[in-house]
Amino acid sequence: MNTQSLGYHLTTALLRVALLAVIIGAGWNIYRQLPSGDGGAAGADNGAGETALQIVLRPAPKDEGVAINIPVELYPVDVAAVQRELGFERRPGVRFEDFLKERMKGRALVKAQLDENGEATVMIRPGKWWLYAVLAGSENVEWELPVNVSGRQQTVELNATNIYARTKSF
């Protein structure tokens, strides 16, 4: 016959309840941090969880005098990679725009316009984005940058060191 003290039984019961409370608390903590379930649909967000992404253009000295209020596009996919994929896997009757839209999986393109100082700020969801911009002048200067967006505020600088291509315009 097992004759253990009342203190032993009370301690084990208390430890069982504490273990159960810790497990439930951990599950609740994970549940609170899950996404809201809107699936990242465009227009479904209210600004919560977005990052203020500041884009700043610093032209090279040889590009001085060129209008720097240019459009900037941010895609949730690498457009060049999508173009290559469509080129390698020919799909009769599929236009590039439709194929790109399919690859974006309902996420929207974000457009911005730099001001006269070469700056713009957009609210964007955290994640991997690709920035595309072209500075037109005697030479077209192009930027195609992958940007890992995170936090509440972030700055991306377009300058001579991260230029993708410089082509002569005619």
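This note sets out, point by point, the main features of a predicted model of a protein chain.

1. Basis of the model. Because the structure is predicted, local features need pLDDT of at least 70 and side-chain atom pairs count only at pLDDT 80 or more, whereas totals for chains, interfaces and linings use all residues. Residues are numbered from 1 along each chain as its sequence is written, and side-chain values use heavy atoms, with hydrogens and water left out.

2. Overall fold. The protein chain contains three helices and eight strands (DSSP runs numbered from the N terminus: helices are H or I of at least four residues, strands are E of at least two). Along the sequence their pattern is α-β-β-α-α-β-β-β-β-β-β.

3. Of the 170 residues, 27% count as buried (buried is under 20% relative accessible area, exposed is over 50%, and partly exposed is in between, with a 1.4 Å probe and protein chains only). Among contacts with a separation of 6 or more, 68% are between residues 24 or more positions apart (a contact means heavy atoms within 4.5 Å).

4. Helix 2. Within residues 79–88, Val79, Ala80, Val82 and Leu86 are buried. They span an arc of only 160° around the axis, and therefore lie on the same side of helix 2 (the arc is taken from the directions from the helix axis to the C-beta atoms). The buried residues of this helix pack against strand 2 (71–75), helix 3 (96–104), strand 5 (127–135) and strand 6 (139–149).

5. Helix 3. Here Phe99, Leu100 and Met104 are buried. Their arc covers only 140° around the axis, which places them on the same side of helix 3. The buried residues of helix 3 pack against strand 2 and helix 2. Just after helix 3, Lys105 adopts a positive phi of about 50°.

6. Tyr31. This residue belongs to helix 1 (residues 6–32). Tyr31 counts as exposed because its relative accessibility is 54%.

7. Ala120. Ala120 is located in strand 4 (residues 119–124) and is buried, with a relative accessible area of 11%. Although Ala120 and Val56 are 64 residues apart in sequence, their C-alpha atoms are 6.7 Å apart in space. Leaving aside neighbours within four places in sequence, Ala120 is in contact with residues including Leu53, Ile55, Ala112 and Leu114.
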